Amino acid sequence: MPNLIVSEFISVDGIAEVEKLPGVTWSDEMQKFKDDELADSGATLLGRTTYEIFAGSWPKEPETSPTGPTRC
């Protein structure tokens, strides 16, 4: 049976909304980590809101992209 790995963005005090984390800036290191994480996964399970956000970008993503429509 495969492992289930959960990856979330959340602060120590439980806030998960980027708008409430003004001191956080997305870096190339963070992007590489997330790209590698997605590329290594067998599937991605998204909630409704996140799915809708991802779905809006899928037409622009190549099929080989870690966040492309065939990966999520």
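**Salt bridges and exposure**

Analyst: Start with arginine 48, which counts as exposed at 60% relative accessibility. Keep in mind that this is a predicted model.

User: What does glutamate 52 form with arginine 48?
Analyst: A salt bridge, with the closest N and O atoms 3.4 Å apart. Both residues lie in helix α2, residues 48-57. They are four residues apart, about one turn of the helix.

User: Is glutamate 52 buried, exposed or partly exposed, and why?
Analyst: Glutamate 52 has 47% relative accessibility. Exposed needs over 50% and buried needs under 20%, so glutamate 52 is partly exposed.

User: How many salt bridges are there by this rule?
Analyst: The count is three.

User: OK, other helix. Which residue does lysine 32 meet in a salt bridge?
Analyst: Aspartate 36, through the side chains, at 2.6 Å from N to O. Both sit in helix α1, residues 28-40. Their spacing is four residues, about one turn of the helix.

User: Lysine 32, buried or exposed?
Analyst: Lysine 32 is exposed, at 52% relative accessibility. Aspartate 36 is partly exposed, with a relative accessible area of 34%.

User: And which residue pairs with lysine 34 in a salt bridge?
Analyst: Glutamate 37. The N to O distance between those side chains is 2.3 Å. Lysine 34 and glutamate 37 are both in helix α1, three residues apart, about one turn of the helix.

User: Lysine 34, buried or exposed?
Analyst: Lysine 34 has a relative accessible area of 14%. The cut-off for buried is under 20%, so lysine 34 is buried. Glutamate 37 is partly exposed, at 24%.

User: Zoom out. How many helices and strands does the protein chain have?
Analyst: Two helices and zero strands.

User: What share of the residues counts as buried?
Analyst: 7% of the 72 residues in the protein chain.

User: What about contacts between residues at least 6 apart in sequence?
Analyst: Of those in the protein chain, 39% join residues at least 24 apart.

User: Last one. What does the accessible surface come to?
Analyst: About 6,200 Å² for the protein chain. Carbon and sulfur atoms account for 59% of that surface.

Note on methods:
Residues are numbered from 1 along each chain as its sequence is written. This is a predicted model: local features need pLDDT of at least 70, side-chain atom pairs count only at pLDDT 80 or more; totals for chains, interfaces and linings use all residues. Side-chain values use heavy atoms; hydrogens and water are left out. A salt bridge is a side-chain nitrogen of Lys or Arg within 4 Å of a carboxyl oxygen of Asp or Glu. Buried means under 20% relative accessible area, exposed over 50%, partly exposed in between (1.4 Å probe, protein chains only). Contact means heavy atoms within 4.5 Å. Accessible areas come from the Shrake-Rupley method with a 1.4 Å probe; for residues, only the protein chains shown count as cover.
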